[in-house]
Amino acid sequence: MPVKTVTFRVEMPGECQFENITGPVRKALDSTSLRAGLVAVFVKHTTASVLIIEDEPGIRADTKTFWDRLIPADPRWQHNTLNPGEDNGHSHLRGQLQGPSIVIPFAESTLLLGTWQQIALLDFDTRARTREVIVQVIGE
């Protein structure tokens, strides 16, 4: 079964910000000429995550509030205290919990997402960064 890999970069401002990456993932799938299989989307960073959301302003705001309440920024996180100059211990913990990847089936060269489902990159870090996203398509 063929495997195709596509990489793209996204400039992110940090601080629990979203970027809708459904378009670039669809473009990556289109570039493979595969008809059916699975698409894995993976972000190569420990302070960012990939997830599926209903991409609307309320959910974006609620998601930020959720993470701020669940794992708040705190200078007492060991990552921060043991690494002078670091302030993103909470960012790493959020990334661990949300996870770096998702898998989406596709058929007839189309992602099988639900009506409101969108693929999002969520950046938890405390400063702007360039994020590298890997899209690996496995199929026929």
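This is a predicted model: local features need pLDDT of at least 70, side-chain atom pairs count only at pLDDT 80 or more; totals for chains, interfaces and linings use all residues.
The chain carries 14 positive and 17 negative side chains, and the centres of the two sets sit 4 Å apart. As for the surface on show, the accessible area of the chain comes to about 7,700 Å², and carbon and sulfur atoms account for 54% of that. Of the 140 residues in the chain, 39% are buried. Laid along its principal axes, the C-alpha trace spans about 50 × 30 × 20 Å.

On to the fold itself. There are 4 helices and 8 strands in the chain, and reading from the N terminus they come in the order β-β-α-β-β-α-α-α-β-β-β-β. Contacts reach well along the sequence: taking those between residues at least 6 apart, 82% join residues at least 24 apart.

Five of the strands make up an open sheet, ordered 1-8-3-5-6 and paired in the antiparallel sense. Its edges are strand 1 (3-12) and strand 6 (110-111), each of which pairs on one side only. In general, strands of a sheet pair through backbone hydrogen bonds, whether parallel or antiparallel. Here, strand 1 and strand 8 run antiparallel to each other over 10 bridges. Within the sheet, Thr5 faces off against Gln136, which belongs to strand 8.

Strand 4 covers residues 48-54 and is mostly tucked away, with 5 of its 7 residues buried. Val50 stands opposite Leu121 of strand 7.

Arg127 sits in the loop that links strand 7 (117-123) to strand 8 (129-139). Leaving aside residues up to four places away in sequence, Arg127 touches Pro13 and Gly14. Gln78 is another matter: Arg127 and Gln78 are 49 residues apart in sequence, and their C-alpha atoms are 19 Å apart in space.

Note on methods:
Residues are numbered from 1 along each chain as its sequence is written. Side-chain values use heavy atoms; hydrogens and water are left out. Helices (H or I, at least four residues) and strands (E, at least two) are DSSP runs, numbered from the N terminus. Contact means heavy atoms within 4.5 Å. Buried means under 20% relative accessible area, exposed over 50%, partly exposed in between (1.4 Å probe, protein chains only). Accessible areas come from the Shrake-Rupley method with a 1.4 Å probe; for residues, only the protein chains shown count as cover. Lys and Arg count as positive and Asp and Glu as negative; His and the chain ends are not counted. The place of a charge is taken as NZ of Lys, CZ of Arg, CG of Asp or CD of Glu. Two strands pair if DSSP finds at least two bridges between them.
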